[in-house]
Amino acid sequence: MSLRLTWDHDGDGGEAPWDCAPDSAGEREFRREVGRRLREERLRQGLSQHDLGAGAGLSRAAVGKIERGTHKVDVWRLHLLAGVLDVEISRLLGERPGQP
């Protein structure tokens with residue numbers, strides 16, 4: 001088990017790892033899927049990356065990285081993004097209603 005601590009090194013809402021543990025393939029795929037769902041919902045609502053990011057305290061660049069799955073996003077930021085989109089966080093995570 002690897003403890004993964006992060007910090008926002010440049011103030012863009014993104015986090016840099018304090019450790020160097022490589023991401024698993026499953027983690028990378030999960031981030032891409034969350035990003036894809038975020039992008040689909042943003043586009044469905046006609047929002048720009050800038051508008052979505054502004055509502056969640058993120059830069060346009062950070063939103064783009066999240067949508068591409070190249071940026072680790074913490075639960076709080078994901079919660080804020082879901083709030084801007086007025087959707088349940090489970091929609092972005094891909095959970096179906098009634099799923100444990």
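In the predicted model, Gln-49 is located in helix 2, which spans residues 49-56. With a relative accessibility of 18%, Gln-49 counts as buried. The side chain of Gln-49 makes a polar contact of 2.8 Å with the side chain of Glu-67. When neighbours within four places in sequence are set aside, the residues in contact with Gln-49 are Arg-42, Arg-60, Val-63, Gly-64 and Glu-67.

Gln-49 belongs to the buried set of helix 2, together with Leu-52, Gly-53 and Ala-56. These residues lie on the same side of helix 2, because they cover an arc of only 95° around the axis. His-50 and Ala-54, by contrast, are exposed on the other side of helix 2. The buried residues of helix 2 pack against helix 1 (25-44), helix 3 (60-68) and helix 4 (75-85). Gly-57, which follows helix 2, has a positive phi near 75°.

The largest nonpolar core comprises 14 residues, of which Leu-38, Leu-52, Leu-58, Leu-81, Leu-85 and Leu-92 touch the most other members. Two or more residues are given to this core by each of helix 1, helix 2, helix 3 and helix 4. The greatest contribution comes from helix 4, with 4 residues.

Salt bridges were also examined, and the count comes to 9. One of them joins the side chains of Glu-27 and Lys-72, with an N to O distance of 3.2 Å. Glu-27 lies in helix 1 and Lys-72 in the loop between helix 3 and helix 4, so this pair ties together parts that are 45 residues apart in sequence. Glu-27 is partly exposed, with a relative accessible area of 29%, whereas Lys-72 is buried at 19%.

Glu-67, the polar partner of Gln-49, also meets Arg-42 in a salt bridge (2.6 Å, N to O). This pair links distant parts of the chain, with Glu-67 in helix 3 and Arg-42 in helix 1, 25 residues apart. Both Glu-67 and Arg-42 are buried.

Within helix 1, Arg-36 forms a salt bridge with Glu-33, in which the closest N and O atoms are 2.8 Å apart. The two residues are 3 residues apart in helix 1 and are therefore separated by about one helical turn. Arg-36 is partly exposed, with a relative accessible area of 34%, and Glu-33 is likewise partly exposed, at 25%. Glu-33 and Arg-36 are linked with Arg-37 and Glu-40 in a network of salt bridges. The C-alpha atom of Glu-33 is separated by 8.0 Å from that of Gly-94, which lies 61 residues apart from Glu-33 along the chain.

Conventions:
Residues numbered from 1 in each chain as written. Predicted model: local features only at pLDDT ≥ 70, side-chain atom pairs only at ≥ 80, totals over all residues. Heavy atoms only, no water. Buried < 20%, exposed > 50% of the residue type's maximum accessible area, 1.4 Å probe, protein only. Polar contact = N/O pair within 3.5 Å; in protein donor to acceptor, adjacent residues only side chain to side chain. Contact = heavy atoms within 4.5 Å. Arc of directions from axis to C-beta. Core = buried A, V, L, I, M, F, W, Y, C linked by side-chain atoms within 4.5 Å. Salt bridge = Lys/Arg side-chain N within 4 Å of Asp/Glu carboxyl O.
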